[in-house]
Amino acid sequence: MKKNYLLGLLFCITGLNAQTVIYNQPTTTTNGIVANSLMNNNFVAAADDFTLTSQQQITKINIQGFQNAGTLETTVATGAMLYIYADNAGNPAGSPNNSAVTPIAAINVAKGAPGYLLTKTGTSNYTFSIDLTAALSSQVILQANTVYWVVFAAKTNLTAYTATTRFNWFAGQINGSSAKLIDPSNAFGAGATTWTNLSTLTGTPALDGLAFSIEGQSSTLGTTEVYSSVKTVTVAPNPTSDYLLINSKSKVNVIEVYDMSGRKIDVNIDDDKVDVRDLHDGSYIVRIETKDGKFSEKFIKK
């Protein structure tokens, strides 16, 4: 019964090759695992971890898989749900059905909306390309040498996880922890209502990795980074326990605060005064944008 999550496919696989790819786990077998959301919003999602070698702004995530019927793009797919979570002892720190844990990024995008692209790459092979810059209002900045998890499920108009019509995420190169699956409604009867290793569920060691790639660019966030010829912005006091004061020679257009995982933090901003009283003690990054350039600096809340 547990192996009902798993499907195999015998068609050839077309890989991605883009100059902006900063992380890639290519497809290694013709096996795949269900990663599908139904019309009633029940879902089975899969997840795999990744680590970047440098701080990056994530611009796009590509998920490679298949649908045996070959009708995904025409009559079945209605969108996609994609999350990025921090790591928690070898598992995603949260899940889409648990609002108690805030993801680093959460995208729930409909077919035809900005940020959504579904490409048919073979008779039954598909790539979901989720453009984070188009789908989200703020940048997603991820840190170097830090474990993150990408969680994905295709949104469909299906009422059941029918083997021929559901979307399946291809197995891929194995890196880091074992890839996971969560089936909150226990639709497959395997008891995977929390994150569970794919190889344990399916008896298929090749599913310890999934096929995906990440595109990005060097982050505008960092410690004391100025993108203009003259440093025109100062941030004080640092450390601070209550407010950051932004002093700029030019009008400030944007002020944003991020934690060290790259997740944007909601803070109250009054003109050039940033209220950080509600932040937990620790290190953060403030990003300021003026007509003269972009500036970011690490500060400490104490």
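A charge sits over a ring if NZ of Lys or CZ of Arg is within 6 Å of the ring centre and within 35 degrees of the ring normal. K273 meets this over the face of Y243, at 4.2 Å from the ring centre.

This is a predicted model: local features need pLDDT of at least 70, side-chain atom pairs count only at pLDDT 80 or more, and totals for chains, interfaces and linings use all residues. Residues are numbered from 1 along each chain as its sequence is written, and side-chain values use heavy atoms, with hydrogens and water left out.

The structure holds 14 aromatic pairs. Rings of Phe, Tyr and Trp (its six-membered ring) pair if their centres lie within 6.5 Å; planes under 30 degrees apart are stacked, over 60 edge-to-face, the rest tilted. Two of the pairs involve F50.

| Pair | Centre to centre | Angle between planes | Class |
|---|---|---|---|
| Y23 and F50 | 5.8 Å | 50 degrees | tilted |
| F50 and F212 | 6.2 Å | 70 degrees | edge-to-face |

Both link distant parts of the chain. Y23 in strand β2 (residues 21-25) and F50 in strand β5 (residues 43-51) are 27 residues apart. Strands here are DSSP runs (E, at least two residues), numbered from the N terminus.

Y23 is buried at 12% relative accessible area, and F50 at 1%. F212 is buried too. Buried means under 20% relative accessible area (1.4 Å probe, protein chains only).

Ring pairs join Y23, F50 and F212 into a cluster with Y116, F128, Y148, F152, F167 and W169.

Definitions and conventions
Helix = DSSP H or I, 4+ residues; strand = E, 2+ residues; numbered from the N terminus. Buried < 20%, exposed > 50% of the residue type's maximum accessible area, 1.4 Å probe, protein only.
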